[in-house]
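The following note sets out points for a colleague who is reading the coordinates alongside the sequence. Each point may be checked directly in the display.

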Amino acid sequence: MKKKLTALALSAALTAGMLAGCGGQNGAEQTAVEVPTEPFGDTIKYDPSVEINNGEPVSLDLWEWGSDDLFQQIIDGYQAIHPNVTINLVNNPWEDYWTKLPLALDGEDGPALFNVHNSYHENLINYMAPLDIPLEDLEADFTGVGAHVIDGKVYYIDYGMMTGTVYYNKAMWEAAGLTEADIPKTWDEMIEVAKKLTIKDGDTLIQAGLNFNDDFHQNYLLGLNYQLGANLFQEDGKTPNVNSPEMQQVMQMLVDMYEKDGIGSKDFGEKGSDSFGQGQSAMVVQWGHYYNTLKTTWTDIDFGVFEIPTFDGETPYAYNRYNGESTFGINKNAPADQQAVAQDFVKYFLANDDAQIAFNLAMSIFPAKKSLADNEEILANPSLAVLAEHIDRYIWPGPMPATVETSLKKAGQDVFFNGVDIQTALDEAQANIIKDMENSTFTSVENLYAYASEKKA
């Protein structure tokens, strides 16, 4: 029988950490950790009997940006196996992390281990050591590994996949006479349901049926294009495709939702996510982390979750994009003994199912570890359960430079608030992204998507 950190012990102690996104709480009471006695894992196996650093004391730092309890639990589990190892957890606020980390890695005293976010891939990759785990083993256990291969080496992978789902207010749903049988499968059906959920006093909007304020770029413009068979990048993998006819169609649908269908308004709350949490909007499309926001911040909202609709109700090229939550990075400039521990720690993390479950549940992320796709604890989370059937139909474009999101956000703001026509706004976004990416090494990995051959010609 395998002994390891239990998912219950991990997840119960972590709610104050990653659940809050960027504000873990220090000083949490530590949970007792069972020390494993036998190897565990799938293809990637971890053998706790193997001594690290010849049993000699070794100390190293692990930098992260605000999930102290979550990271401390996995550190405690590892140190219980290897009491000669001390891993010091160093918290940095998100706003400071991406300035401080590259500077530290460029020197002699940078952390041996550090938390990675793929949006900062280009800032970090030159400081990273490749994982000392065979590529075929990584691919056997985890989804999406191929997108992270650089010249035959892998420096980090995704431990989970986050994407958008629809959250709806059950009380508003019931008051409108809707049942689960009314859950929409198409965007046309979504609009009709939203109309029933919309409440107005004359021309004054009291309750929005659907609110996408501040989220239209992330949850719609950067995802629904795939439903229409269009990638975010052209065949060369470098030129953006954001002024495509498909993107115009998505933007027009959003404009019509507010201006024609009247199911919401650009002036009805700055953020749709807050409006939903405040009980003013009936539906929002949000990424996985929102599930935990509702559970911890907007606790009075009784909500349900369903998968994002499609345009025709059929299985699309892809339902939406996802973004991966990344494993740890290893500092190639760290001393050899620290690097050896760092490599071992990453292997321990990847092999440990219960740690994987806890990390994924903490942010409502669908596991990249294939053996956990039907895990009961994972599927007990409704925002993950609705993804299970079609998770292979979500696509990752790669670690896109931030300009892709910010330029499309500006395009939407120009359309809704500044009277700019859709084509002009998208053309400006296209030009801005091209300019900002002139010196970027980014290349899209959309061609590695399992159903890439179905892309619209």
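1. Ser-444. In this predicted model, Ser-444 is located in the segment that comes after helix H18 (422-436). Its relative accessibility is 8%, so Ser-444 counts as buried, the cut-off being under 20%. The side chain of Ser-444 reaches the backbone oxygen of Pro-397 at 3.4 Å. When neighbours within four places in sequence are left aside, the residues in contact with Ser-444 are Phe-233, Gly-237 and Pro-397.

2. Glu-307. This residue belongs to the loop between strand S13 (303-306) and strand S14 (320-321). Is Glu-307 buried or exposed? Glu-307 is buried, because its relative accessible area is 15% and the limit for that class is under 20%.

3. Surroundings of Glu-307. Leaving aside neighbours within four places in sequence, Glu-307 is in contact with Val-166, Tyr-319, Val-386, His-390 and Tyr-394. Glu-307 and Gly-164 are separated by 143 residues in sequence, while their C-alpha atoms are 8.1 Å apart in space.

4. Helix H14. How many of the 11 residues of H14 are buried? The count is 11 of the 11, so H14 is largely enclosed by the rest of the structure. At the start of H14, a side-chain oxygen of Asn-352 comes to within 3.1 Å of the backbone nitrogen of Asp-354. Ser-364, with a positive phi, follows the helix.

5. Two positive phi values. Ser-364 has phi near 50 degrees, a positive value in a residue other than glycine, and Asn-54 likewise has a positive phi, near 55 degrees. Ser-364 sits in the loop between helix H14 (353-363) and strand S17 (366-367), whereas Asn-54 occupies the loop between strand S2 (45-46) and strand S3 (58-64). Ser-364 is buried, since its relative accessible area is 2%; Asn-54 is exposed, since its value is 66%, where exposed requires over 50%.

6. Aromatic pairs. The count of aromatic pairs comes to 38. In one of them, the ring centres of Trp-65 and Trp-98 are 5.4 Å apart and the planes lie at 50 degrees, so the pair is tilted; edge-to-face would need an angle over 60 degrees and stacked an angle under 30. This pair links distant parts of the chain, as Trp-65 is in the loop between S3 and helix H2 (68-81) and Trp-98 is in helix H3 (residues 94-105), 33 residues apart. Both Trp-65 and Trp-98 are buried.

7. Aromatic cluster and a charge over a ring. Phe-40, Tyr-46, Phe-71, Tyr-78, Tyr-159, Phe-328, Phe-345, Tyr-348, Phe-349 and Phe-359 form one aromatic cluster. Elsewhere, Arg-393 lies over the face of Tyr-451, at 3.5 Å from the ring centre.

8. Overall dimensions. The protein contains 18 helices and 18 strands. Why may the radius of gyration be said to agree with that of a compact globule? A compact globule of 457 residues would have a radius near 23 Å, and the protein has 23 Å, so the two agree. Along the principal axes, the C-alpha atoms fill a box of roughly 75 × 50 × 40 Å.

9. Of the 457 residues, 56% are buried. Among contacts with a separation of 6 or more, 76% are between residues 24 or more positions apart. The accessible surface comes to about 19000 Å², and carbon and sulfur atoms account for 46% of that area.

Key: Residues are numbered from 1 along each chain as its sequence is written. This is a predicted model: local features need pLDDT of at least 70, side-chain atom pairs count only at pLDDT 80 or more; totals for chains, interfaces and linings use all residues. Side-chain values use heavy atoms; hydrogens and water are left out. Helices (H or I, at least four residues) and strands (E, at least two) are DSSP runs, numbered from the N terminus. Buried means under 20% relative accessible area, exposed over 50%, partly exposed in between (1.4 Å probe, protein chains only). Rings of Phe, Tyr and Trp (its six-membered ring) pair if their centres lie within 6.5 Å; planes under 30 degrees apart count as stacked, over 60 as edge-to-face and the rest as tilted. A charge sits over a ring if NZ of Lys or CZ of Arg is within 6 Å of the ring centre and within 35 degrees of the ring normal. The radius of gyration is taken over C-alpha atoms; the globule rule is 2.2 Å times the number of residues to the power 0.38. Contact means heavy atoms within 4.5 Å. Accessible areas come from the Shrake-Rupley method with a 1.4 Å probe; for residues, only the protein chains shown count as cover. A polar contact is a pair of N or O atoms within 3.5 Å; within protein, one must be able to donate a hydrogen and the other to accept it, and residues adjacent in sequence count only if both atoms are side-chain atoms.
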